[in-house]
Amino acid sequence: MGIRKLVFFFVLVFSSVFVDGEGRGVFKVKHKFGSEADRSLKELTVHDKNRHGRLLAAIDIPLGGDGKATGTGLYYTKLAIGSPPKDYFFHVDTGSDILWINCVGCSPCATFTDIDHLTLKLYDPKLSSTTELVPCNGGFCTEFSKGPSPGCSSNDVCGYVLHYGDGSGSAGYFVQDVIRFDQVTGNLQTSIGNASISFGCGMEQTGKLALSIGALDGLIGFGASNTSILSQLASSGKTKKKFAHCLDGKNGGGIFVIGDVVKPILKTTPLVPNAAHYNVNMESVRVGDIFLDIPKEIFQDGYGKGTIIDSGTTLAYLSGEIFDPLRRIILTSQANLNVHLVDDILECFKFDKSIDDSFPTVTFGFQNSLELKVYPHDYLILYENEWCIGWQDSGNLGSNAVDELIILGDLVLTNKLVLYDLENQVLGLSDYNCSSTIGLKDEVSGAVNQVGSHDLSSSPSRNQMGVSCSTAHYHMNF
């Protein structure tokens with residue numbers, strides 16, 4: 001669900017976590033929409049408008065989600081929590097800093113889901129022998145609330161209240177328990193690792209979070225804050241503060257790992273310092289051979305400055321100064337296109353030739369000469385026997401605060417390997433076959449182990465804007 005100010009769901013899906021002795025991790029990934037043919041463009045835009053062990057091990061986290069039923073554009077993962085461990089399914093959100101799960105006694109809470117025939121479960125802290133309450137005067141609570149919690153007494157646990165921009169919310173209290181994950185131990189090999197993590201025990205969900213459409217057991221935040229699961233694993237010495245994902249747009253699923261990706265070697269661009277999201281500095285836009293004449297300040301405006309890289313957003317949103325000329329060049333590249341609106345927002349047309357041979361490639365240029373190519377088969381989406389343009393004007397997100405935002409979501413990131421290196425404050429991007437493998441370095445032995453793709457949906461078994469948080473106090477007895 002998202003970060004504190006602008007939230008987008010990570011459109012990945014994990015199923016398990018694998019950590020090797022090298023500070024690396026991998027998540028099995030699957031796109032909830034499945035193949036391109038299964039996607040509903042109206043549902044994609046609705047999602048975007050409503051929604052972001054061993055020392056230094058590597059973790060492999062499986063992804064899933066097919067989106068055929070709901071089209072909310074979310075990826076999910078599976079984590080085992082508690083003692084004895086039980087499996088739970090979580091939305092993945094790179095723009096959120098908190099992991100929370102629906103707990104026994106939650107009201108209202110979704111009771112079933114339309115995703116992949118999964119069964120929802122409630123976490124019961126009383127049934128786990130390793131559960132501990134997080135006190136309101138402890139370090140985690142102080143970090144979450146950005147200071148001492150007012151009115152905190154020694155018998156109070158740390159409560160939380162999260163408010164998301166679409167009116168949804170989650171409230172409850174924090175607990176600490178053991179999570180299990182798959183740590184990488186060799187080429188395509190893992191063993192079970194574990195770590196004690198603080199997370200929210202959700203007692204009340206509001207808005208869309210209380211609905212069964214697109215519901216799961218909880219949400220896992222993969223933001224850069226010290227309260228995220230990434231930061232907690234890194235501070236405990238379990239992993240490096242690095243992760244990467246590769247979303248497979250052809251087959252669904254993909255790769256999600258925590259650790260040091262060394263194969264392939266990626267070109268990187270700096271992350272914008274102190275930004276609320278994973279922001280980078282865009283410097284140019286080229287449509288075919290034509291460079292758009294964009295004032296420099298356009299690339300620097302918007303929330304948090306720079307361009308937001310967000311796998312939790314389904315499409316790609318550009319400020320009007322970029323969107324208008326880009327759209328015009330694309331649509332005039334072929335004569336006599338009969339362009340019409342579908343669902344009041346999507347521009348579509350019939351075309352029976354090769355789109356890759358007929359329409360221009362869009363190239364985004366970033367600081368340090370990093371380029372990201374978006375091909376016609378990426379930004380033109382087949383919908384009801386017509387081709388529809390996936391580019392969107394950020395003004396359509398419905399808020400003056402985001403009119404100038406540049407948000408590059410799955411439309412751009414699919415079939416790309418994306419590296420988030422928080423230790424060196426850089427982001428890497430490259431075209432990649434997300435059905436193949438990547439190499440993670442073992443920090444202990446120096447070996448490079450291969451990690452492959454996953455698709456939870458084939459296994460048995462919200463773009464939000466603006467989020468605030470506050471603490472609450474609970475008296476709990478187990």
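The exercises that follow concern a predicted model and treat its backbone and its disulfides.

**Exercise 1. Cis peptide bonds**

Determine which residue is joined to P108 by a cis peptide bond, and where P108 lies.

Solution. 
Step 1. Most peptide bonds are trans.
Step 2. The bond between S107 and P108 is cis, with omega about -5°.
Step 3. P108 is placed in the loop between β6 (100-102) and β7 (132-133).
Step 4. A cis peptide bond also joins K263 and P264, with omega about 5°; P264 belongs to the loop between β14 (261-263) and β15 (268-270).

**Exercise 2. Positive phi**

Find the phi values of N368 and E384, and state whether E384 is buried or exposed.

Solution. 
Step 1. Most residues other than glycine have a negative phi.
Step 2. N368 has a positive phi, near 75°, and sits in the loop between β23 (362-366) and β24 (370-374).
Step 3. For E384 phi is positive too, near 50°; E384 sits in the loop between β25 (380-383) and β26 (386-389).
Step 4. The relative accessible area of E384 is 63%; because exposed means over 50%, E384 is exposed. N368, at 45%, is partly exposed.

**Exercise 3. The surroundings of S212**

Decide whether S212 is buried or exposed, and identify its contacts.

Solution. 
Step 1. S212 is in the loop between β10 (189-206) and β11 (218-221).
Step 2. Its relative accessibility is 17%, and buried means under 20%, so S212 counts as buried.
Step 3. Beyond neighbours within four places in sequence, S212 is in contact with A110, T111, F112, T113 and D114.
Step 4. A polar atom of the S212 side chain lies 3.1 Å from the backbone oxygen of F112.

**Exercise 4. Disulfides**

State how many disulfides the whole structure has, and describe the one formed by C136 and C152 and the one formed by C246 and C434.

Solution. 
Step 1. A disulfide is a covalent bond between the sulfur atoms of two cysteines.
Step 2. The whole structure contains 6 disulfides.
Step 3. The sulfur atoms of C136 and C152 are 1.9 Å apart. C136 lies in the loop between β7 and α2 (139-144) and C152 in the loop between α2 and β8 (157-163), so the pair ties together parts 16 residues apart in sequence.
Step 4. C136 is buried at 2% relative accessible area, whereas C152 is partly exposed at 26%.
Step 5. The sulfur atoms of C246 and C434 are 2.0 Å apart. This pair links distant parts of the chain, 188 residues apart, and both cysteines, C246 and C434, are buried.

Definitions and conventions
Residues numbered from 1 in each chain as written. Predicted model: local features only at pLDDT ≥ 70, side-chain atom pairs only at ≥ 80, totals over all residues. Heavy atoms only, no water. Helix = DSSP H or I, 4+ residues; strand = E, 2+ residues; numbered from the N terminus. Buried < 20%, exposed > 50% of the residue type's maximum accessible area, 1.4 Å probe, protein only. Polar contact = N/O pair within 3.5 Å; in protein donor to acceptor, adjacent residues only side chain to side chain. Contact = heavy atoms within 4.5 Å. Disulfide = S-S within 2.5 Å.
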